[in-house]
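Me: I'm new to this, so please take me through this structure. I'd like to know what lies behind each term.

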Amino acid sequence: MAKMKITGTGSYLPELTVTNQMMTKIVDTSDEWITTRTGISERRLSSGEPTWFMAAQAARKALAEAALDPAQLDIIMVTTCTPDYYLPSAACIVQAELGADRAFCFDLNAACTGFVYALDMAARYLSDPNIHHILIVASENISKLVDYSDRSTCVLFGDGASAVVCSRGSDEDPSALLATRLGSEGQTGHVLVSRALKVRHPFLAEGAVWPDRFGEHADHTLTMEGQEVFKFAVRVLADSVLEAAAQAGVNLTELRYIIPHQANARIVEAAARRMKADPAQIISRIADFGNTSSASIPICLDELVRAGKLQRGEKVAICGFGAGLTYGAAIFSY
Ligand SMILES: CC(C)(COP(=O)(O)OP(=O)(O)OC[C@H]1O[C@@H](n2cnc3c(N)ncnc32)[C@H](O)[C@@H]1OP(=O)(O)O)[C@@H](O)C(=O)NCCC(=O)NCCS
């Protein structure tokens, strides 16, 4: 596909660490239940840091790593389903924070799959000779949507942000996006829902009734049919990686890493078995961070890069799933 090179990565994780033990103080749960059913030991929660703030912090680190002046950025995309404002977009706020005056900026909401969609878009934009550098920031304060009296969801999620700079590579560079497989299944959207504002203005007829797509949700708090999401996730994680690999002409054994969306350790293990991947290839950081929505994949990627565990030319698959329902896999040569 495109000569896309990831030239910098960076993350921001809030300091506030909430352990499973702390969760037992607010809902009827146990460390044993959470650990065995999800693989999560603790998660970071915002101390009040807004989504844009975390995004800008992660972006600064990624730009420093890429040794890129913000003024060189052509595009800023922020993937988020938990923005601070309907408008302006988080991406425009990040632009102002960075002083990235040349960039055009927009948010992308594909829920937890957002980063995979954004990487696909970045590679497509980079095939335009006028576009050289793109900043993708995944930033999520998913705790804003969580009902902390619902034990089946509140133990799962954490907050955080992570950014990558995607630049046009030279012909000699081994770096490239090799294939993507994106999809959506809107007909099962009801299994993971958070409501936005309803229509309200002074001219609304009293008692006006219009179809409510997902039934009665009083407010924005997240509702989830966990087992349905679980089955969907295992299927699409495995199948999208296999399809992307076939499209790229890459054998699974050639992949240095497979980085799945971090939602539940059991989902990841089941997906790995379904795609017959070597467990050593699979990255799982769920224990420390929980599910940080679209930020979970780039947080893992950033950790690998910073630890020197990923070399240029090594191949990586990323795969995500989330509300929508959405899913996607991408295979790139780092
Ligand atoms: C949510 C999830 C962890 C639940 O695990 P599960 O093994 O499916 O558990 P179930 O929903 O069958 O619930 C089993 C029991 O545990 C209970 N339970 C749920 N959460 C609990 C908790 N935190 N602590 C203790 N018990 C809990 C349930 O009430 C249920 O009790 P019951 O049998 O008395 O009714 C799991 O379904 C999951 O991870 N799904 C995917 C969610 C996801 O990834 N969402 C994000 C998408 S981006």
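Reply: Just after helix H8, Lys276 takes a positive phi of about 55°. This is a predicted model, in which local features need pLDDT of at least 70 and side-chain atom pairs count only at pLDDT 80 or more, while totals for chains, interfaces and linings use all residues. Residues are numbered from 1 along each chain as its sequence is written, and side-chain values use heavy atoms, with hydrogens and water left out.

Me: What makes Asn264 a cap of H8?

Reply: A side-chain oxygen of Asn264 lies 2.7 Å from the backbone nitrogen of Arg266, at the N-terminal end of H8. A polar contact is a pair of N or O atoms within 3.5 Å; within protein, one must be able to donate a hydrogen and the other to accept it, and residues adjacent in sequence count only if both atoms are side-chain atoms.

Me: Why is Leu156 called buried?

Reply: Buried means under 20% relative accessible area, exposed means over 50%, and partly exposed is in between (1.4 Å probe, protein chains only). Leu156 has a relative accessible area of 11%, so it counts as buried. Its place is the loop between H6 and strand S7 (160-168).

Me: What is Leu156 in contact with, apart from its neighbours within four places in sequence?

Reply: Contact means heavy atoms within 4.5 Å. By that rule, Leu156 touches Thr38, Ile40, Met224, Gly290 and Asn291.

Me: Is Ser175 buried or exposed, and how do you know?

Reply: Its relative accessible area is 0%, which is under 20%, so Ser175 is buried. You'll find Ser175 in the loop between S7 and strand S8 (176-184). The side chain of Ser175 also reaches the backbone oxygen of Tyr334 at 2.6 Å. Setting aside neighbours within four places in sequence, the contacts of Ser175 include Lys3, Arg312 and Tyr334.

Me: Which residues of H8 are buried, and what do they pack against?

Reply: Ala265, Ile267, Val268, Ala270, Ala271, Ala272 and Met275 are buried in H8. They pack against H2, H7, strand S11 (255-260), helix H9 (286-289) and S12.

Me: Now the ligand: which residues come nearest?

Reply: A residue is near a molecule or strand if one of its heavy atoms lies within 4 Å of it. Of the 23 residues around the ligand, Thr29, Arg37, Arg151, Gln227 and Asn264 come nearest.

Me: Which element gives the largest share of the shell around the ligand?

Reply: That is H7, with four residues. By class, the shell has ten nonpolar, nine polar and four charged residues. Here Ala, Val, Leu, Ile, Met, Phe, Trp, Tyr, Cys and Pro count as nonpolar, Asp, Glu, Lys and Arg as charged, and the others, Gly among them, as polar.

Me: How is the protein chain divided into domains?

Reply: Domain bounds come from an automatic or database domain assignment. The chain is divided into domain 1 (4-168) and domain 2 (176-197 + 217-333). The contact between them takes 53 residues from domain 1 and 48 residues from domain 2. The shell around the ligand draws at least three residues from each domain.

Notes. Helix = DSSP H or I, 4+ residues; strand = E, 2+ residues; numbered from the N terminus.
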